[in-house]
Amino acid sequence: MTRLHIPQPLSEGAPVAPSLDQSRYLTQVMRLKAGDAVHVFNGADGEWRCTIAEVLKKGVVLRAEARVRDQITPPDVHLLIAVVKKAALEFAVEKATELGAARIRLVTTARTQPQHLRLDRLDAIAVESAEQTGRLDVPPVDAPARLDALLADWDPSRRLMFCDETGGAPATGALIEAGTGPWAILIGPEGGFSPEERDRLRALPFTLAVSLGPRVLRADTAATTALTLWQAAVGDWDR
């Protein structure tokens, strides 16, 4: 079943207007016509079975018929990842969405290299990943913020899993002892955190430094690995 994320209210009988690109996808790529069904979600009202009510020159009109899945709350875990090269960052956003991250926050650190960012492209990747994986929400992708500013304004009730590439930290099994609740996972740049950043992170009461194994991982691999291990330890994989 074709799934679309359309940020409009969904209720029985309500008309739903996809974007022009989504309309073209339905009619030109999927070859759907009036009366055919698609599933739509908006991140708040669950997933709805809709039918194509009209095919117009400037798009299609859907009509919501019945809710097929109730809205569920995603795992309360944020991914904080330093800005890296385009391909690696796009991969990390795609996989973080597939793995259930509730929010993706871009970070600049002392060793972050300047990169040209297109947040609209990253948002589109998150939407497409959510549509394909059956999620009922799309994680927002925040504009880059400096790591020191984020830490200065951090909510201490959200634990921060700090992936320390230098070793000496416990394995991710320590997550089980740390327990559930709001979490965030911090992935540094390809050059790693500076000694000053690492010392500050280790000194904070809400951080948990963990090791991702004996090999140094690329940032996108580290993000995928850390989210996978978090999900297995304290996430929603037992649903």
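Me: Hi! What should I keep in mind before we start?
Reply: The model is predicted, so local features need pLDDT of at least 70 and side-chain atom pairs count only at pLDDT 80 or more, while totals for chains, interfaces and linings use all residues. Residues are numbered from 1 along each chain as its sequence is written, and side-chain values use heavy atoms, with hydrogens and water left out.

Me: Great. In what order do the strands of the open sheet run?
Reply: The order is E8-E7-E6-E10-E9-E11, 6 strands with parallel pairing. The edges are E8 (141–146) and E11, each pairing on one side only. From one strand to the next, the twist averages 25°. Strands (E, at least two residues) and helices (H or I, at least four) are DSSP runs numbered from the N terminus, and two strands pair if DSSP finds at least two bridges between them.

Me: How many bridges join E6 and E10?
Reply: Strand E6 (residues 77–82) and strand E10 (residues 183–187) pair over 5 bridges, in the parallel sense. Leu-80 has Leu-186 in E10 as its bridge partner.

Me: And E9 with E11?
Reply: Strand E9 (residues 159–163) is joined to E11 by 4 bridges, and the two run parallel. Phe-162 has Ala-209 in E11 as its bridge partner.

Me: Which way do the E11 side chains point?
Reply: Thr-207 and Ala-209 point one way, Leu-208 and Val-210 the other, and all are buried. Buried means under 20% relative accessible area, exposed over 50% and partly exposed in between, with a 1.4 Å probe and protein chains only. In a regular strand, side chains alternate between the two faces of the sheet.

Me: Which strands does H7 lie across?
Reply: Helix H7 (residues 219–234) lies across E6, E9 and E10, at about 155° to E10. Angles run from 0 to 180 degrees between N-to-C directions, with axes fitted to C-alpha atoms, for helices over the stretch in contact.

Me: Switching topic: where is Asp-137?
Reply: Asp-137 sits in the loop between H3 and E8. Asp-137 counts as buried because its relative accessible area is 13%.

Me: What does Asp-137 touch?
Reply: Beyond neighbours within four places in sequence, its contacts (heavy atoms within 4.5 Å) include Phe-41, Gln-71 and Ala-130.

Me: Last one: how many disulfides are there?
Reply: The count is 0 disulfides, a disulfide being a pair of cysteine sulfur atoms within 2.5 Å. Cys-50 is buried because its relative accessibility is 0%.
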